[in-house]
Amino acid sequence: MPETLDATVTGAVTAEPAAPRGGRRPGSGFARYLATKLVAAAISFLATLVIGFVLFSLMPADPVQSITRGRPTSDAQMAQLRHQLGLDQSVPERFLHFVTDTLTGHLGTSWEFQQPVSSLIGDRLWPTLLLMGTATAISVVLGLWLGIRSGWRHGSWLDRIATGASLTLWSVPTFWLGMILLITFSVGIGPIPGFLPAGGMSDPAITGGLDHVLDVAKHLVLPCLTMVLVIFAQYVAVMRSSIIDELGSPYLLTARAKGLRDDDVRRRHAVPNALLPSVTMIFMHVGTLLGGAITVETVYSWPGLGQLSYQALKVPDLPLLQGTFIVFSASVILMNLLADVIYRFLDPRVRAQ
Amino acid sequence: MTDHEPLTLAVAPPQAEADPAPPVAPAAPKPRRNGLAGFVRSFVRIRSGVAGLTILVVFGLLAICAPLFISDNDLDVIKVDGPSLHSPTGGYPLGTDQEGRSILLLVIWGARSSLSIGLMATVLTVVLGSAIGLVAGHYGGWIGKALMHLTDWFIALPSLPLAISLSAVIGQGTASITIAIAVTSWSSTARLVRAQTLAVEAKPFIERARALGAGGPQVMLRHVLPNVTPLILVSSTLTVASAILSEATLTFLGLGDPTGISWGAMLNSALSGGAVTSGAWWYLYPPGIAILIVVLGFTLTGRAVETILNPRSVKTR
Amino acid sequence: MTATTTGTVTGPTAATAPALEVRDLHITYPPRAGRGPARAVDGVDLELGRGEILALIGESGCGKSTLARALTGLVKPTSGQVLCDGEPLRYTSAALKAHRRKVQFVLQDPGGALNPRQNVFDAVAEGPRLHRMRDGLEQRVHTALSKAGLRPPEQFLSRFPHEMSGGQQQRVVIAGALALEPSVIVADEPVASLDASVRGEILKLVLDLRRDLGLSSLVVSHDLGLAWNIADRVAVMYLGRIVEVGTVEEVLLAPRHPYTKALLSVVSAEGARGGRPQLLQGEPPDPTAVPEGCRFHPRCPLWAGLDAADRAEAGCDRRTLPVLPAQAPAGGQAACHLASVS
Amino acid sequence: EDGSSTLRMPITGIGIDSLNPFLAYFAGSLDVFSGIYPALDRVEQDGTVKPYLADSWTTSSDKLTWTFKIHKGLKWSDGKPITAEDAAWTFNLIMTNSTAATANGSLVSNFASVTAPDATTLVVKTKKPQATMLSVSIPVSGIPIVPKHIWESHVKDLKNYKNDSFPIVGYGPWTLTDYKPEQYAKFDANKDFLLGAPKYDHMIEQSFKNTDAAVAALRSGQLDYVSGLNPTQYQALKGQSGIKAYEQVGNRWNGIEVNGGARTRDGKKIGTGHPALADSKVREALALAIDRATIVKKVRDGLAEVGGSYLPQSLPQYAWQPSASEKFDYDPTKANSVLDEAGYKKGKDGIRVDPKSGRKLEFRLGIHSDDDADAKVSTYLSGWFKEIGVKVDIQSMSSAKLNADLAKGDWDILMDSWSTGPDPTYLLGIQTCSALPDSKGEGGSTDSFFCDKDYDDLFLRQQSAFDDKERADLLRQMQAILYKANENIMIYNASGLAAYRTDKVSGIVSGKANSAGAYPAQDSFHQYLNAAPANASSSSSGGNSGTVIGASAAVVVVLAAGGVLIARRRSSSDDRE
Amino acid sequence: MNPMLEVKDLAVTYRGGGRTVPAVRGVDLTLDAGQTLGLAGESGSGKSTLAMSLLRLLPAAAKVTGQVLYQGEDLLTAKWSRMRAVRWAEASVVFQGAMTALNPVHTIGDQLVEPILLHGRRAGEDGGRITDKQARTRAAELLESVGVPARRMRSYPHEFSGGQRQRIMIAMALACRPNLIIADEPTTALDVMVQAQILDLLSDLVHEEGIGVIMISHDLSVLGQMCDRLAVMYAGELVESGPSRQLLDDPRHPYTRALSRAFPTIGDPASRRAPAGLPGDPPDPAALGTGCPFAARCPDVHEICATTPARLVQAGPDRLSACLRVLPGFPDVATAPPVPEPSAEGARS
Ligand SMILES: Nc1ncnc2c1ncn2[C@@H]1O[C@H](COP(=O)(O)OP(=O)(O)OP(=O)(O)O)[C@@H](O)[C@H]1O
Ligand SMILES: Nc1ncnc2c1ncn2[C@@H]1O[C@H](COP(=O)(O)OP(=O)(O)OP(=O)(O)O)[C@@H](O)[C@H]1O
Ligand SMILES: [Mg+2]
Ligand SMILES: [Mg+2]
């Protein structure tokens, strides 16, 4: 059968708007939908494992040389180290170990730290989650709010300021912004002394309940601010354009014709619709944030995953690198999965597959 | 880099394949006001776009003409004789670096590599992304499916860690950075192009072309590609912006060519050289601001072009 | 060949085989989105005589477009045959290409059918270019445009679709089809998206083309008035089947099938001036769930009016109707168990 | 906590890799171990060996048996006595358990047996006489001695043992009470410490991933002391009141290594090194083309010594200087004529050609991508080499790649740098023929594939030279051989740069500054032990300003909320659409 | 007696993108309570613009002048709060595309209840605020009355067919018992049979409740079925109006004539194999000259048509036409008697 025909038929399928038929509840078929998505996610994850392994195997690395450099080390010691790290295994052997280990939750042992990678990651996960979580929460709230406002009245002064500011901030390299903020608020400029800590997650001298929490909050301010400034722009942009996309929708005209106030039209009708694409975008973006924290964590000595992976790269500590890579990928895959599920949950139009 | 995902053009919901609504604003009849002239007329009306383009032209010219007024003697460390890390003076309007080179000249020279890496990476990204997106969108079947999954999967790869690892694997330097950027960013272009291809392929004029006797490649090249090109163009300006940021980030993280002169490399050496501590703001600000301005220039230009090509979505981002 | 053509027809009608014919055509779309396979065309015999204008009328979703697409080779039938000049159509690239030179397709929405990035010349020249008819291309385009009523052609050559009105766009689409010098035009709702005032002009063009070039046309529509305006014969389609076929006068003035009657009562000025239209209840039928027996019986006013005994006797809900033959006897033919009752 | 004093500093180097002393490699870890685990003896700045756990030691006449007398009455931090058995157990574990040997195995490779006949006697028997016995177990660079009663039960899973139950049982000036990876390590002072109690009650080492942040913290009073500064930071801190920035003689050399012919132990050529570099004339020309003084001035801001001998000036007892006639000073003319005489003619493009192989003198110059100084120095080198008709192609690589290439001999010139503890044996050892890879091209710890018979003889002799002067003399001869070979071309010895807050701390620096103003290299064990609060007024202000920030954040939130509300109001009163 | 709705000299101009489009140019209309008025015209003639301007639903880019008197009150100058009170409670709208006029993320029950609660005072019979439950009950009744089972209150718009959605839209329009319904092409894009069903339903409901209707369509036959009176628009102006029967049978404006001939009468031999059309293209509203805007396409154009503005004049009892030919003195228009005030067009039938 010539491909033209085939393509025509499928083309028509995509072209045809969903023929509404029957009262399908959004919940029906959900299990199947979820199952397919889970399978797809699992396949992605496996593929990621493979790519991670291949990539890192290709990396020129004699970790033993790097680790022992500058320390009196005998040949025997090096051989021992190689054996200990599993470097004397063949590549397929290593791959097999790697896959089985990963699937059973063991991510191997770090070459550099001589510790299970999972515990290293576990240690660094919370600081990263704290930073990312706070920054994301603030940026999402701020970005959506601004995006809604400026999209609803696009062309207004608020829109111009919001758009201008977010575009400018988006154009700033994160690490540079971090350094500038560091100089300004931590080192101090001119006569004004710096008043925020220059790095780390807490002052170890401060212990005990509230003081410690406040101290962490204080350490969080600069890295979090840096992240927020850079990423909120994207939420503004996404939300703004979703709102603008909705602006011409007839159902908004209906709402207005019903006599709703402008605010209510926006809140009750425009926003729920505009949120659909934005929410999924945001979820997908949040997934990538975990891996994107490298620069901020480096600049502010934040004891998180990004820094860990960067440090691992310098050795290079392949098990650790693979571990962090897996965690980063998993977070993106997980977030995409969540985005899919939430999208389906939010949008009654999504049909059963 | 990752926190600098390219500002997305169309808000495409995640499952483009089973979407109730067409994923991308269809290329609704566009007011192509008499081709190029009309385009130019519309463009000059958008002030931010003109500002963006002006920035690009200025930086482009500076980068191209740099060899005319900057010689080896200004940049070669063993030949320069300026004071080390000196604040701005008459002779050195933006001060000097540790080696006594004029920061101003370095920033201008740095534009060459920053821009060329950004552009090269973009060309790679766009060519790769468009080709894959187009084919994935055009051919249903398993080819399309496979490519689509590949694309989605690449989107799921954490881009900064991947870029870092890649450039570590390929070896350091500008070429590897360029490749790393392209490899990590083609997927969003591909997704965009694929969605747009699907939208275009659903148009009646495609069916008409088939009815006239056109085959797959003819449909793709004559009908789909021209209709997808504007989008590719817009997306590529935004890709340049994020590629330049990525370049700076990767170079800053020490994956670039440390002996080359680019903005990222300048910031890297400014920071590792202690410019922050010593308050050498003249070393720290110019490269950063140059990045900011050029990225902004590309973004503004891209937005303006998008506004013209797709007036329905006044997606001013 | 029984398609009777009335006196106004001047085109050649002598050839033996019909210009286009389908035999026992079935087209089933694969299942999707939780629904079963759609039997869009479910047993159709139909022929289009040379120089004939045939109107295919039916409700939305009854399979008209699918049938039209099958005729142009855009959709491959699940079973059955499409014959062109008596030859069965083969589905190889070359055969399809040759077929498409003879049978041209005109789509519903002229705005969408033109590539917004092609000007008129390119849009019209596309067919000849695809078929490697490069010699005298310009002349060919000019001729096609004038035939389609865009005169003088030069004035239009460099325009883009958005610079033209809907009527002009539709003429460009038709010109694009004419440039291949086809013998048949299949037009899917050619005027549905056009303004009332422009409609007539396009329909006139279809008549003119038959007069001047002897083109046969199959015009798909949901509008019986259109059939009255231009067609020689009319076929009424319901849920994948032809339910009534005959000359326009036979079918429209003396409809036999209750569906045709209902349609007639609601469309055009008839309803506007006359009394209450005969409304059919319910939504347009669903090709994924074709009813047993006569596929129209769930909505049939005649059936609804029968008592149980009569129903049992009529058996509309059990007895399947045969496919209407392509050669309808004089006086037309309807697929209805109760046709005689009315 | 009030009234108690805390010494605060950043974690050394790139951090702490592990708290398990058998596994850890990083400088940060060694620093910690020196504070919390004892050693047999210690070495002071001037190189003199002083007692620590061992009060005294004697050597048998055949120099093969060492007997240490362990101080009586010392107790681990959990109250159990410290005995010779603990030391013997630690050494034996390293000697017999390959995992335990991970970090320090080579230090005991010459040991035949270690026994503890009684609680205060430790007997070490060596296979061959070992002159360096007294640097086997010293703070920071030697073997830390661990409590047997704690570690015995962890031998089985030594590989995975994290040693993180706090406070860690040990003995030293400090007790580790808390540690958060990548964040901090907290110590309490051991007020009963054998060598005198630390002057501080607590010590906190905090993780900073870049020195700029650490410097900022020093300035704002969060830290008392920062080391590892770069020259710019040093200069910036130097003028600042309340801060003392000081220079110490560097224990690290920076230079280039030249691939004079990579080969295996049995002489088989390996790798892709440029053949011309095997010619000592070429190497000599390279050495002559480097303007070390300029690099010291421009790259190190004058804060370094021009490189010369293989061992750094921080070991004055061993350091050697070439005489004026032996010296390869910057002399491009001479370099050019050396090459001209050796037959390397310049081609049209100004690059010389090797007459033997016909190849141009184009060399790869590998540099460490993570080392800022490498990048800078290499641009200078590239410029100077060009002037003598040698072209270099700078290749920036990760340390791992660089090391891997090095081991395979796939390199021409590399930038490199080495530091050494008080005992230079290991550093000199990597230049012996036995450090070359084996016949399969594997193993080996060579640095530049240097291999010289005379050098190897000298190396063997110094190992059993128990007389300090004699040994120093042997070491100098070895350095002279290395210098002439020009396979390791020293460029500079960077000074160690550090700073501390004079208003908070004193006693960080000991020793006398030399004529150039540089103090002797400091050793963290003694530094932290000697550091004392400058006055009683030091107090932590963290909690205070934390509340301030919290309060102001709250104010901001309230204001913002108010603003939103007002905006709401206004927009609702204006009912336009 | 005041008419319920009186539109005086209404003009709407769109500005933006560097051009101004006079979409509606001086339209006068009246509508009595319970009357149905059909508004016909080809695409772009300004029908929707006119309709939306009545409730001030046009975007900010549209400039509206003239008067819209609803029960004597000028809606164009009313305060926004008053305007919002009028909307839906007094006058509701059935939109062009019901497919998209319903919010896809809310259930239709919620969407029906929303205006009922909003304008609760009117809908609650006893004058008090109506409760949520009452509103739901009313919504259910409304749904049933348009033939959609009330149990589907919790379904989303996409779960309904196009016809059902349009029914829901109609139910929604009736929610607050308005006096006026503006129906903008309520059946375009629907299938013939469904279209007939909807029109049937709509005319039943409005007649039952005595609601005034302005119904827009480009299909004269559809309007003929529904409406008491018809008005035909061309290029933003009214060109003819009158009782629907008369207007269809005996058009006084050549444009109306062309429109009505476009839908043939089946069985009428005159239209057999003779499709009637109107040559030429619709005018560009942004580029209109002084003369009759229809002159360029008019089959019986006269030379004065190009220069003399054509205004609505009496063309028989209860009928108005904007064709110069209906003037008694034609072609000597200059000498013709003063054109009667169009507002004199009494809508009484
Ligand atoms: N590609 C396809 N895949 C599955 N089902 C299809 C496809 N195309 C059409 N259908 C279904 O087949 C049936 C017939 O469709 P077709 O387009 O032929 O109808 P039609 O009579 O032309 O309707 P309309 O008047 O709405 O154009 C419809 O119910 C439709 O939903
Ligand atoms: N928002 C707008 N901005 C500018 N011009 C507009 C806008 N909306 C409509 N127009 C123009 O105003 C004129 C009248 O448009 P309107 O929508 O009222 O026509 P219509 O008679 O309802 O047509 P249709 O039958 O296609 O719905 C058209 O020329 C249209 O292009
Ligand atoms: Mg159709
Ligand atoms: Mg309209």
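Modeller: Helices here are DSSP runs of H or I of at least four residues, strands are runs of E of at least two, and both are numbered from the N terminus. This is a predicted model: local features need pLDDT of at least 70 and side-chain atom pairs count only at pLDDT 80 or more, while totals for chains, interfaces and linings use all residues. Residues are numbered from 1 along each chain as its sequence is written, chains are lettered from A and ligands numbered from 1 in the order in which they are written, and side-chain values use heavy atoms, leaving out hydrogens and water.

Biologist: Okay, where is P167(D) found?

Modeller: Look for the cis peptide bond from F166(D) to P167(D), with omega near -5 degrees. P167(D) sits in the loop between α4 (148-151) and β8 (174-180) of chain D.

Biologist: And what share of chain D counts as buried?

Modeller: Chain D has 16 helices and 24 strands, and its C-alpha atoms fill a box of roughly 90 × 85 × 50 Å along the principal axes. Buried means under 20% relative accessible area, exposed over 50% and partly exposed in between, using a 1.4 Å probe and protein chains only. Of the 577 residues of chain D, the buried share is 54%.

Biologist: What about S301(A), buried or exposed?

Modeller: S301(A) isn't a glycine, yet it has a positive phi of about 50 degrees. Its loop runs between α12 (294-299) and α13 (305-314) of chain A. With a relative accessible area of 0%, S301(A) is buried.

Biologist: What is the relative accessible area of D301(D)?

Modeller: D301(D) is another non-glycine with positive phi, near 55 degrees, in the loop between α8 (292-298) and β14 (304-306) of chain D. D301(D) is partly exposed, at 35%.

Biologist: Which element gives the largest share of the side of chain C that touches chain E?

Modeller: Several elements give two or more residues to that side, including α8 (224-230) and α10 (258-266) of chain C. The largest share, 10 residues, comes from α7(C).
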